[in-house]
Amino acid sequence: MGSSSDWEVMHHAADILTEFGVPYEARVVSAHRMPDDMFRYAEQARGRGLVAIIAGAGGAAHLPGMLAAKTSVPVLGVPVPGKHLQGVDALHSIVQMPKGVPVATFAIGGAGAANAALFAIALLAHEDTALRERLDAWRARQTEAARAMTLDS
C-alpha cells in the first residue's frame, strides 16, 4: 500500500488470501515518501519467493507502476478511492502503463482488491492442485449464491 489509509480497501485482498490460506504480507511502501524502500522491496521480491504483488494506491498511484518497473514479479494494481476524484485518477494512473511495463489493473476499491487476490490465487492454483480445488469450490458457491437470488414467479 502507498499509505496505511489504503488498508480500508486493501484488507479485502487480505481477507480473501486468508480465506484460502495463502500467505501474504501487508506493507506500506510509498512510491513518493520512501522510494528507496520501494525499490529495494521490488528488487528483492523474486528472491524472497513472492509470486505476485498486489499494490494498492490512490491519487497519482505511482506505486504499482514503479514496482513493476523494478521487478519481473507480476504486479496487480488496485486503485484506491480518494476524496476528490473517487479513485478515477488512480485508475487512470495505473491502467495507463507504457508498453513494456505491464500492471494488471483491477476495479476501484474493495471489489478490485478482492478480485486482485482471486487473480493471484488463480495464478498460484495453476501449479497447486489443492488450491485449485478450493478455488473451484469457492466459485461454485458463488454460482449457487447467485442462483439463489433468482425470484420465481
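User: Which residues is F20 in contact with, leaving aside its neighbours within four places in sequence?
Analyst: In this predicted model, F20 is in contact with L118, I121, L131, R134, L135 and W138, once neighbours within four places in sequence are left aside.

User: And L118, where does that lie?
Analyst: L118 lies in helix α5, which covers residues 110–125.

User: Is L118 buried or exposed?
Analyst: L118 has a relative accessible area of 15%. The cut-off for a buried residue is under 20%, and L118 is therefore buried.

User: What is L118 in contact with, beyond four places in sequence?
Analyst: Leaving aside neighbours within four places, the contacts of L118 are I16, F20, L135 and W138.

User: On to the cores. How many residues has the largest nonpolar core, and which have the most contacts inside it?
Analyst: The largest nonpolar core has 23 residues, and I16, F20 and I121 are those with the most contacts inside it. At least two residues each are supplied by α1 (7–19), β2 (75–80), α5 and α6 (129–147). The largest share comes from α5, with 8 residues.

User: What about a second core?
Analyst: There is a second, separate core of 19 residues, and Y41, I53, A55 and V75 are included in it. As background, nonpolar side chains tend to be buried together in soluble globular proteins.

User: Back to helices. At what angle do α1 and α5 pack?
Analyst: The angle between α1 and α5 is about 35 degrees, and their axes are 7 Å apart. The crossing of α1 past α5 is right-handed.

User: Which residues make that contact?
Analyst: From α1 the contact takes V9, M10, H12, A13, I16 and L17, and from α5 it takes G110, A113, A114, A117, L118 and I121. By class, 10 of the residues in the contact of α1 with α5 are nonpolar and 2 are polar, with no charged residue.

User: How do α2 and α3 pack?
Analyst: Helix α2 (residues 35–44) and helix α3 (residues 63–70) pack at about 50 degrees, with an axis separation of 8 Å. The two helices are therefore oblique to each other. In passing α3, α2 makes a right-handed crossing.

User: Which residues meet there?
Analyst: M38, F39, Y41, A42 and E43 of α2 meet L63, M66, L67 and K70 of α3. The contact of α2 with α3 has 7 nonpolar and 2 charged residues, and no polar ones.

User: Which residues of α3 are buried?
Analyst: The buried residues of α3 are L63, P64, G65, L67 and A68. They pack against α2, β1 (53–58), β2 and α4 (88–95).

User: A change of topic: what is the phi of A61?
Analyst: The phi of A61 is near 50 degrees, a positive value in a residue other than glycine. A61 sits in the loop between β1 and α3. A61 is buried, with a relative accessible area of 4%.

User: And where is Q86 found?
Analyst: Q86 is in the loop between β2 and α4. Q86 is not a glycine, although its phi is positive, at about 55 degrees. With a relative accessible area of 49%, Q86 is partly exposed.

Key
Residues numbered from 1 in each chain as written. Predicted model: local features only at pLDDT ≥ 70, side-chain atom pairs only at ≥ 80, totals over all residues. Heavy atoms only, no water. Axes fitted to C-alpha atoms, helices over the stretch in contact; angles between N-to-C directions. Helix = DSSP H or I, 4+ residues; strand = E, 2+ residues; numbered from the N terminus. Parallel < 35°, antiparallel > 145°, perpendicular 65-115°, else oblique. Left-handed = near helix turned anticlockwise from the far one by under 90°. Contact = heavy atoms within 4.5 Å. Nonpolar A, V, L, I, M, F, W, Y, C, P; charged D, E, K, R; others polar. Buried < 20%, exposed > 50% of the residue type's maximum accessible area, 1.4 Å probe, protein only. Core = buried A, V, L, I, M, F, W, Y, C linked by side-chain atoms within 4.5 Å.
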